[in-house]
Amino acid sequence: LKPLSEVQTPPAPRFELTTPHFAGRNEVLRGPALTFATASSMGLAAEVTPVQKVIELMEGMLAKGKQEKHDEQVQFAAYKQFCDDTTVDKKRAIAEAEEKIESLKADIAAHDAHANRLTKEIAGHDDDIATWKGDSKAASNVRAIDKANYDATHKDYSESVDALMRAIAVLKKQAYDRPQASLAQVSVLKSFNLIPAEAKKAIDAFLQMSREPTGLDVSAPEAHGYEFQSHGVIEMLEKLHDKFVEERTNLEKEEMNSKHAHDLLQQDLAAQIDQATQDRTEKAESKAKHLQAKADAEGDLQDTTTTMEADKKYLADLTATCEQKATDFESRQQLRAEELEAITKAIEIISSSAVQGNAEKHLPTLLQRAGSSMAQLRASGTAASRQQQVAEFLRGRAQELNSRVLSALAVRVADDPFAKVKKMIKDLIVRLMEEANDEAEHKGWCDTELSTNEQTRKEKTEAVETLHAEVDQLEASIAKLAEDIQELTKAVAELDAAMAEATTLRQQEKEKNTQTIKDAQEAQTAVAEALTVLKEFYAKAGEATAFVQQEPPAIFDSPYRGMQSENGGVIGMLEVIESDFGRLEADTKAAEASAQKEYDEFMTDSKVDKEAKTKDIEHKTAKKQDETQALTVKREDLEGTQKELDAALAYFDKLKPSCVDAGVSYDDRVARRKEEVESLQEALRILNGEDLA
């Protein structure tokens, strides 16, 4: 909302000399001249004493003063009501702003605390993820080393077991003397690392025994490698073989357990990393939302604080102005009361017998006085001539300037005594100068107020138009969002219905295809059994008749071998049926696979589409809520700004009567008043005996 400090304040009562109170008094002062002029022009048909005329004038002043005092009270009451209403509105606005500031500060602190806590939790998740990834990599490295060691050891065991098996097989052959070359398989065992040192020594001893010569005669028969004497070496090798087989089996179990443990560890670490990553992502999103909410609250806090400070300043200025105007009002009311009291007392004194009674008794009427004065003026040669000259001059200037003041004065100059005319001219000059000063001051105030009011009206009009445009835009956007949300919601419902229907149809189709495949398989089995039975029977039947070679009875043309002709057709048909069922099974399986694939693709696409539409709904709903809130704020701003514009327009209407020219411009009034003053000064110089030039 716009701060109330921008509302244009109605003008305080300006207690100047141009108010109706003093203007009316000027009219009263002008009254004797006009009255005397009228009386002179009409020949003074009625007889009125000066005292009676003075009493009438003072009674008119008394009535006018009372009315103006009452009008001033009404005017100040309206102004005081404005001060009271505006003060209440400002104090309420300031209190609401202070309450909102406290709430915003609390929100900012809460969002900041949430963001800091989430930052620490996110850092903890990052550390955990890094640690678990490091553990996973280290476990993989250890597992690779263990696997390499296992492969090498397993290879040694396998080669050793294989060599032992071959050596034992060689030694277990027939117990007869063998050539020396046949012990090579036994000698190879010494090259394996897994063979214990004691076993290698036993093998060496065994081989040494087999190499001992039987004689020195070179012509003797070829010596045998050794004579099979004991089973000690074989038993030793068999024990080694069993031991290596057992150790290799244990090694394989340990490898399997190690691999299983490694896989479980990797799965556990992967699950922990995935969960931590998901938690980190959710907390990062929550942190971003809290930071955005904090930034929004800080912006609102700054705007609210600025508005509140402006309202406080305006309230202080308004309070000071209203108190000053109240003091001025009390002073003016007291002055008016004293003035009325003085006029009333003067009327009582003038109306007493001491004044009015003696005047009626001793003083002539206004007509007689006027006649006597004219006689005296005619008797006074030079003075009467100058007075007549001034009257002619004033009548001429009055006609040129169309001035009622100069015209009335010309009549007074022609009728009144010489000294009284001079004083009256001087009083008129002073009064005109005072009026000029008062009007100049009032003109300056009007110019300032009109300029300020025009600027305010222009700004508020532009603000109202802008706010109207923003409100229309927000309303259109909200309506479009509501329509989009409705369409998306309908589309999501249609997707759900389509997926449910597709699932139902898929289940029905799958059940039907499964039953069809089962029936085809059973039919193929039954047909195959039937074919087997028929083929075996006709094969046996054909062989039986062929081996017996019995002559058929005379009534038959040929021996009976079964329905061989029909047999070929039936078997052929059964084979076709069997192939049809096989093709049915294959086609149904293919159709089932294709339908399942299409169903999976449809469900995947539908879920993706549904998720996207759901996110669009959430996004548009959130945007709609934000724009609805913004629309509420804009409408409140528009209402407040419209009130400010209405106040500015009302104030302009109040300024029009006293500040806007109506018929005669300010410059024309100043020029006419200046010429009137110059004419009066010229008349005064004539009365003083100075040259007209």
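Colleague: Why is Arg143 called buried?

Modeller: Buried means under 20% relative accessible area, exposed over 50%, and partly exposed in between, with a 1.4 Å probe and protein chains only. Arg143 has a relative accessible area of 10%, so Arg143 is buried. Before we go on: this is a predicted model, in which local features need pLDDT of at least 70, side-chain atom pairs count only at pLDDT 80 or more, and totals for chains, interfaces and linings use all residues. Residues are numbered from 1 along each chain as its sequence is written, and side-chain values use heavy atoms, with hydrogens and water left out.

Colleague: What makes the contact of Arg143 with Glu255 a salt bridge?

Modeller: A salt bridge is a side-chain nitrogen of Lys or Arg within 4 Å of a carboxyl oxygen of Asp or Glu. For Arg143 and Glu255, the closest N and O atoms are 2.1 Å apart, and the definition asks for within 4 Å, so the label applies. The pair links distant parts of the chain: Arg143 is in helix α2 (residues 50-171) and Glu255 in helix α5 (residues 232-351), 112 residues apart. A helix here is a DSSP run (H or I) of at least four residues, and helices are numbered from the N terminus.

Colleague: How do you know whether Glu255 is buried or exposed?

Modeller: The relative accessible area of Glu255 is 10%, so Glu255 is buried.

Colleague: Which label do Asp263 and Lys259 get for accessibility, and why?

Modeller: Asp263 has 29% relative accessible area, so Asp263 is partly exposed. Lys259 has 43%, so Lys259 is partly exposed as well. Their side chains meet in a salt bridge, 3.2 Å from N to O. Both residues lie in helix α5, four residues apart, about one turn of the helix.

Colleague: What makes Asp653 and Lys656 a salt bridge?

Modeller: The N to O distance between the side chains of Asp653 and Lys656 is 3.6 Å, and the limit is within 4 Å, so the pair qualifies. Both lie in helix α11 (residues 564-659), three residues apart, about one turn of the helix. Salt bridges that share partners also join Glu68, Glu72, Arg332 and Arg336 into one network.

Colleague: How many salt bridges does the structure hold?

Modeller: The structure holds 29 salt bridges.

Colleague: Why is Ala523 called buried?

Modeller: Ala523 has a relative accessible area of 15%, so Ala523 is buried. Ala523 sits in helix α10 (residues 418-548). The C-alpha atoms of Ala523 and Asp580 are separated by 10.0 Å, with the two residues 57 residues apart along the chain.

Terms used. Helix = DSSP H or I, 4+ residues; strand = E, 2+ residues; numbered from the N terminus.
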